[in-house]
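Please read each point with the sequence and the coordinates open beside the text.

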Amino acid sequence: MENKKAYFVISDTEELYELSSSKRKQLDKLFPKWNELNCEKNYDELNKVYDFFKKHGKLLGHPKFNNVFVGLIV
């Protein structure tokens, strides 16, 4: 798989984070199937992924920016 940027959306707080390609490689090593986690079954692990995005990612969307997103195309 070609590593590309990664995105993480929190619908409750309307936050959108972006990871660079190099940081995504690190994330993929720590959590190989992070994009398949279920918030009900893998809550703790998903919180660790969220913390990784907050620490290493760029905040793109947030109510304080007055920007709104309606969905992402994967």
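1. The note begins at a single side chain in what is a predicted model. Val-49 touches Phe-8, Leu-27, Phe-31, Trp-34 and Leu-37, when residues up to four places away in sequence are not counted. Val-49 belongs to helix H2, and its relative accessible area of 0% puts it among the buried residues.

2. Of the contacts between residues at least 6 apart in sequence, 52% join residues that are at least 24 apart. Buried residues make up 27% of the 74 residues in the protein chain, and the chain exposes about 5700 Å², of which carbon and sulfur atoms supply 50%.

3. The largest nonpolar core has 14 residues, and those with the most contacts inside it are Phe-8, Tyr-17, Leu-19, Leu-27, Trp-34, Val-49 and Phe-53. Two or more residues of this core are given by each of E1, E2 and H2, and the largest share, five residues, comes from H2.

4. The aromatic residues deserve a point of their own. By the ring-centre rule there are four aromatic pairs. In one of them, Phe-8 and Phe-53 are tilted, at 5.1 Å centre to centre and with 35 degrees between the planes. This pair links distant parts of the chain, since Phe-8 is in strand E1 and Phe-53 is in helix H2, 45 residues apart. Both Phe-8 and Phe-53 are buried, and together with Tyr-17, Trp-34 and Tyr-50 they form one aromatic cluster.

5. Turning to the strands, E1 and E2 run antiparallel and are joined by five bridges, with Tyr-7 standing opposite Glu-18 in E2. The two strands form a hairpin with four residues between them, and in the turn Glu-14 has a positive phi of about 55 degrees. E2 also pairs with strand E3 (residues 58-61), in the antiparallel sense and over three bridges; in E3, the bridge partner of Tyr-17 is Leu-59.

6. Why may E2 be described as largely enclosed by the rest of the structure? Five of the five residues of E2 are buried, and the description follows from that count, with buried taken as under 20% relative accessible area. In a regular strand the side chains alternate between the two faces of the sheet. Both faces of E2 are covered, with Glu-15, Tyr-17 and Leu-19 buried on one side and Leu-16 and Glu-18 buried on the other. For Tyr-17, once its neighbours within four places in sequence are left aside, the contacts are Ala-6, Tyr-7, Phe-8, Ile-10, Tyr-50, Phe-53, Lys-54, Lys-58 and Leu-59.

7. Is Lys-5 buried, exposed or partly exposed? With a relative accessible area of 43%, Lys-5 is partly exposed. Leaving aside neighbours within four places in sequence, Lys-5 is in contact with Glu-18, Leu-19, Ser-20, Ser-21 and Arg-24.

Technical notes
Residues numbered from 1 in each chain as written. Predicted model: local features only at pLDDT ≥ 70, side-chain atom pairs only at ≥ 80, totals over all residues. Heavy atoms only, no water. Core = buried A, V, L, I, M, F, W, Y, C linked by side-chain atoms within 4.5 Å. Buried < 20%, exposed > 50% of the residue type's maximum accessible area, 1.4 Å probe, protein only. Contact = heavy atoms within 4.5 Å. Pairing = 2+ DSSP bridges. Areas by Shrake-Rupley, 256 points an atom, 1.4 Å probe, with all protein chains shown as cover. Phe/Tyr/Trp six-rings, centres within 6.5 Å; stacked < 30°, edge-to-face > 60°.
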